[in-house]
Amino acid sequence: MNLKSLIEPLASLRLTVFILSAGMFLTLAGTLAQVENGIWTVVDDYFRSIAVWVPFQLFFPEKLLKIPGAIPFPGGLTLGVLLFINLTAAFIIRFTWSTKRIGVILSHAGVILLLVGEFVTGIAADEGNMTIEEGKSANFIEDIRESELAIVDPSDPTSDRVVVVPQGMLASTPSISDPRLPFTIEVLEWMPNSGLLGPMQATKAQLDRADSGVGKQIAAVRIPEATGVDGATVDVPSAYIKVMNEGKSLGTYLVSVGLVSSQPISVGGKSYDVSLRFRRTYKPYTLSLIDFRHDRFVGTNTPRNFSSLVRLQDPARNVDREVLIYMNNPLRHAGETFYQSSFKPGDTTTILQVVRNPGWLLPYFSCGLVTIGLLIHFGVRLAAPIKRNVK
Amino acid sequence: MNFVKSRLPWIVAGLCLLYVLSLPFRHIKSEAKEDVETLGRLPVLADGRVKPLDSFARTTLLTISGKQTLTVDEPATGDVKAHARQIPAIEWYLEMLANPDRADDRRVFRIDHPELVSMLGVTDTKQIRFSLKEISPHLDKIEEQANRAQEIPRREQDLFQRSVLDLFNKLMTYQEVRLGRAPFTIAPMTQGEEWQPLAAILSNPQLQQQESTQAIVSLLFAAKESKPEDFNSTVSAYAKRLDDVLPKETRLAHAEEIFNIAQPFSHTAALYVLAFILACFGFLTRTGGASDWSRALARSAFLVIVLAFAVHTIGIAARVYLQGRPPVTNLYSSAIFIGWACIPLAVAAEWFARLGIGNAVASLIGFATLIVAHNLSTGGDTMQMMQAVLDSNFWLATHVVVITIGYSATFLGGFIAAGYLIFGTLTKRLGQDALTALPKMIYGVTCFACLTSFVGTVLGGIWADQSWGRFWGWDPKENGAALIVFIHLIILHARFGGMIKHRGMAVLAVFGNIVTAWSWFGTNMLGVGLHSYGFMDSAVFYLLAFAATQLAIMCLGFIPVARWKSIRAAETTPTTPGNALASPQT
């Protein structure tokens, strides 16, 4: 038993066709799943997973036919790794290095690069939003896919002391305590996505759920999570929390990412600011928004362009300059890229998307390799019949 | 007989050429005494771009009534019998502003839903268009229903609710025009002035002093008081003034007006139908191989396709010139482009094989995609401005064009494969030459489709990386594009590995049609809401019907080779093997 006979089955074209067919099915299922689920849920469940249960219901409209059950299916990670093995094995034993095969070799090398690129993106890429008002600055990015409960102790004038409860804990732990906090937090209801109702819209019962803070005027109701086909809709998590101190209630509060300001809670003469916010990551640099522009086509609401003039300050790198960020023209700084993503109503607050992806250049190389490879390969194959036909 | 056979292609081509050359002169003339043609050429601003007033009138009438002209029944007067008369959109527009009372009597609102029709108290089930005066007594009910419908997500609305909303939007559009809020007719004549709607003069008295305001207002008064001489002298003087002040806008508006009159795509569609019929007859006159008749007909079909392609090209070039954009900017233009890109590919495939099937497939796809485009055009301006995120000529010219060519090539391969399966199994028409050549054509087209759809998809990823830092986001449209790449890779690898032969390749290529239709249209339907209205609702039905036909054709591929009629016929009448590709066309 030599190495070649071991590798041979791995390089088989039957395996290639199987992986491709399975990939097709998975892609279709992962697309249909987005009708009901959020895009990130689907990406994690289908495309970056080892295996996934694909419900039969995906393929039939629920209104016509209800079908229970699901089949297990290899996930995107499994298929990607299999394809990588298959391709590498083919490189070892199938692709002979000759000028005639150069097209095949180049294009397949390009596909390997593409797989590596997506793998690197899957494990190393991170993205978030930076929201800046005109005239103000920001030094953190927010992950709009995850929230956190922040309890800030502003008593120290030089720096705030912050205790952060991650979303996962809020959703699963009924009672949360921390030695740094003089109180415990009971999560009465956790809503992954919610709608906020003002005093005129909400019923009395809805408003009565909170007995302290802004929750007396504003109520939150649970709504379904945004789905992949909804486009760029962001979930607004909310929660009703009860703050307890030595068995006594300090009040039931509504906290929500949709609320603008934090709420004070006083314990023993000391005040803490509590808010539910998108998970923050602080950065060593600061962006200040000098001017946000949003032009529309005359007489319409169609945006013509939007751009943010920002000042980038990064003391560690000795950077202090003005940059104009606009559609299709991102700013790249310190391994991160800042894209003009959105804005808030009123046109004075910009939302930048901040992405760190060490593998971002790989698809560019991959595209080039595959294009050249396929052009050579098909060019060579086409040349023969053309020659014959011209004769 | 031989004389006819040899001259037939040129006779057919000559007649079609005459038809094409007559296009710019054949349009519905207005019977109005006012010079509405000059009025229609005036540049105005609507949907964010400058266009001739005629374009605006056509788009608006098309959105409201489903047609670019208005048909009215003229009662008998004197010795003229009662008859139906066609009114061009621009004349209707003038009437809306100058004689709103008469305009409100015109049956322009198209309503299809029977329950909505009965809500208007109409029992005549044949009537599908209604006037404002017929609708207005029921406005309260319509508004109430529209408000109810608006409160639930688009995805959950039923057909009645969508129809009510649709009607409500049509009424709003109508009102905007009638009140002079759209389009922006008042042109900027001096520095510092901006395009303004006529309605703005009510709130801005300064505007009344403006030269263009005065011209427009006196035009309307002349029309209202039936003084055609005044109207005509004012409109021609104003048109000349605009020509001096806004030379670029006027030039573009004139060009677009010619484009509107010529309607290149509807006539191209007609030519493709003719070519398809000729190609089919050419194919049907084959008996196990090419005959004189089949050659003459194939050649005729080919010449008609060349002519249609020329008109098609001029139409696309005109849109590129008018928009200042690469050819594909929205779903409508993608439909036009898919058909167009198929033609040279099919002609190239035909050049190798010389069977006539390339002609048939090219003209069929050309026609079908233009019909799809026609149905998409009722949604509004087809040259609308680009959303900021799409505003990049570089990526529109590379990613969008390449991926659309990928769609074209996939459809071409799929339709050739469908022809191969249908005629191969059910008829004896395919001779040994066709049985050898068609799979080669399918393979060649698949290679090309694989290249373009892969490159197009990856370019799309790179564009996404440039605009929001995410090369691949797994969203429905991206996944749709990936599926097309997958099916081509499967075909090529399965064939290379000997897992499939001619039959299997043809079946998978037909499957490619379903995948492409899904990627092109199906993914837009998932999010039913943002992108879809009117045609898109019924498009779900057409998409399913298309998929069903393709599945049926794929089933033919499971008939064992030994039972294929063409193969059995070819075995009994052997031709020289291997000459299929080399046979000179004499």
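At what angle do the axes of α16(B) and helix α17 of chain B cross, and within what distance do these axes come? In this predicted model, the axes of α16(B) and α17(B), the latter covering residues 357-376, cross at roughly 180 degrees and come within 8 Å.

- Sorted by class, the residues of the contact of α16(B) with α17(B) comprise 18 nonpolar, five polar and one charged.

**B:Phe337, a residue of α16(B)**

- Helix α16 of chain B, which covers residues 331-353, contains B:Phe337.
- When its neighbours within four places in sequence are left aside, B:Phe337 is in contact with B:Ile316, B:Pro327, B:Val328 and B:Thr404.
- B:Gly444 lies 107 residues from B:Phe337 along the chain, and the C-alpha atoms of these two residues are separated by 21 Å.

**B:Phe56, a residue of α3**

- B:Phe56 is part of helix α3 of chain B, which runs over residues 53-65.
- With 24 other C-beta atoms within 10 Å, B:Phe56 is buried.
- Apart from neighbours within four places in sequence, the residues in contact with B:Phe56 are B:Val44, B:Ala46, B:Lys51 and B:Pro183.
- Between the C-alpha atoms of B:Phe56 and B:Ile316, which are 260 residues apart along the chain, the separation is 20 Å.

**Nonpolar cores**

- The largest nonpolar core holds 161 residues, and those with the most contacts inside it are B:Ala275, B:Val304, B:Leu412 and B:Ile416.
- Helix α19(B) gives the largest share of this core, namely 18 residues.
- Not counting residues up to four places away in sequence, B:Ala275 touches B:Ala301, B:Val304, B:Ile305, B:Ala308, B:Asn359 and B:Ser363.

**Where chain B touches chain A**

- In the contact between the two chains, 50 residues of chain B meet 56 residues of chain A.
- On the side of chain B that touches chain A, α19 (432-468) and α20 (476-496) of chain B each supply at least two residues.
- The largest share of that side of chain B, 14 residues, comes from α19(B).
- Divided by class, the side of chain B that touches chain A has 33 nonpolar, twelve polar and five charged residues.

**The form of chain A**

- Chain A has eight helices and 18 strands.
- The radius of gyration of chain A is 27 Å, whereas the globule rule gives 21 Å for 391 residues, so chain A is more spread out than a compact globule.
- The C-alpha trace of chain A spans about 95 × 55 × 50 Å along its principal axes.
- Among the 391 residues of chain A, 31% count as buried.
- Of the contacts in chain A with a separation of 6 or more, 59% are accounted for by residues 24 or more positions apart.

Methods. Residues are numbered from 1 along each chain as its sequence is written. Chains are lettered from A and ligands numbered from 1 in the order in which they are written. This is a predicted model: local features need pLDDT of at least 70, side-chain atom pairs count only at pLDDT 80 or more; totals for chains, interfaces and linings use all residues. Helices (H or I, at least four residues) and strands (E, at least two) are DSSP runs, numbered from the N terminus. Two residues are in contact if their C-beta atoms, placed from the backbone, lie within 7 Å. Ala, Val, Leu, Ile, Met, Phe, Trp, Tyr, Cys and Pro count as nonpolar, Asp, Glu, Lys and Arg as charged, and the others, Gly among them, as polar. A nonpolar core is a set of buried Ala, Val, Leu, Ile, Met, Phe, Trp, Tyr and Cys residues joined through C-beta atoms within 7 Å. A residue is buried if 20 or more other C-beta atoms lie within 10 Å of its own, exposed if 12 or fewer, and partly exposed in between; C-beta atoms are placed from the backbone. The radius of gyration is taken over C-alpha atoms; the globule rule is 2.2 Å times the number of residues to the power 0.38. Axes are lines fitted to C-alpha atoms, for helices over the stretch in contact, and angles run from 0 to 180 degrees between N-to-C directions.
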